[in-house]
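Here are a few exercises to work through with the model open beside you. Try each task before you read its solution.

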Amino acid sequence: MTWSEKISLQLAKKIKTEDSPYSIGQLAHGIEIVLLNIINGLALLIVSALFGIIAEVFLVTFLFFVYRMITGGVHLRNPWTCAVATFSLMNAGGYILKHLPAVPTPYIYLLILGAMGLAFLVNFRYAPAKHTYVPDHPEIQKRNRKIVLFLLATSCALSLLLVEYAYSLIIANIIAALMQSALLLPGSFQLVSRMENFFERVVEK
């Protein structure tokens with residue numbers, strides 16, 4: 001048991017009440033997620049500050065989690081490796097946003113339509129992920145799919161209208177939507193599963 005699991009379990013035991021609908025295990029899991037998100041947020045702040053990409057990283061992170069919160073996606077089993085992977089992805093997205101050469105105006109429209117169209121198709125086919133933290137009910141799943149498709153379509157339309165006024169926001173939205181979509185693809189689940197099995201075998205040896 002990791003130190004984060006121990007702390008979360010101790011806190012869960014203290015706050016658990018008799019009329020609580022959640023078990024100690026469920027409470028502990030939720031507390032651990034919050035704890036890891038706080039640590040991850042602080043790490044993001046420190047590293048992005050070192051590279052001078054604070055605004056870019058947090059813009060990409062915010063947009064990414066708006067989509068991901070609705071659809072879920074691939075997760076690593078170990079919460080710490082999941083935190084490191086998320087941390088790496090968000091910093092990479094912020095770095096790309098900061099250093100990507102400006103796309104000429106005639107081509108930015110094609111980039112918006114191509115990237116957001118691809119994200120829309122992936123989400124239409126695979127969203128939401130089956131294990132997302134939402135009740136596994138067909139009506140709720142259908143509702144979440146409609147919500148994320150509406151968000152993608154709306155953000156695409158706004159991006160096309162605001163090309164001359166909000167270039168960084170447009171590119172950040174494209175990066176976030178593509179990352180979120182990639183983590184819904186079956187190939188991502190297979191890749192993560194193989195990586196985790198490989199590392200487990202290495203550790204056992």
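**Exercise 1: a residue and its neighbours**

Leaving aside residues up to four places away in sequence, Asn 40 touches Ala 83, Thr 86 and Phe 87, where contact means heavy atoms within 4.5 Å. This is a predicted model, in which local features need pLDDT of at least 70 and side-chain atom pairs count only at pLDDT 80 or more, while totals for chains, interfaces and linings use all residues. Residues are numbered from 1 along each chain as its sequence is written, and side-chain values use heavy atoms, with hydrogens and water left out.

Task: Which helix holds Asn 40, and is Asn 40 buried or exposed?

Solution: Start with the helix: Asn 40 lies in helix 2 (residues 24-50). Helices here are DSSP runs (H or I, at least four residues), numbered from the N terminus. Next, take the relative accessible area of Asn 40, which is 11%, so Asn 40 is buried. The classes are buried under 20% relative accessible area, exposed over 50% and partly exposed in between (1.4 Å probe, protein chains only).

**Exercise 2: the faces of a helix**

Task: Find which residues of helix 1 are buried, and work out how they are arranged around the axis of helix 1.

Solution: First, list the buried residues of helix 1: Ser 4, Ser 8 and Ala 12. Looking down the axis, the buried residues of helix 1 fall within an arc of 65 degrees, so they line one face of the helix; the arc is that of the directions from the helix axis to the C-beta atoms. As a reminder, an α-helix has 3.6 residues a turn, so residues three or four places apart point the same way. Then see what lies against them: the buried residues of helix 1 pack against helix 2 and helix 4 (79-99). Finally, turn to the face directed away from the buried side of helix 1, which carries the exposed residues Gln 10, Lys 13 and Lys 14.

**Exercise 3: two helices together**

Task: At what angle do helix 5 and helix 6 pack?

Solution: Helix 5 (residues 105-126) and helix 6 (residues 138-161) pack at about 180 degrees, with axes 10 Å apart. That makes helix 5 roughly antiparallel to helix 6. Axes are lines fitted to C-alpha atoms, for helices over the stretch in contact, and angles run from 0 to 180 degrees between N-to-C directions; under 35 degrees counts as roughly parallel, over 145 as roughly antiparallel, 65 to 115 as roughly perpendicular and the rest as oblique. Buried residues of helix 6 include Val 148, Leu 152 and Cys 156, and their cover includes helix 3 (54-71), helix 5 and helix 7 (167-182).
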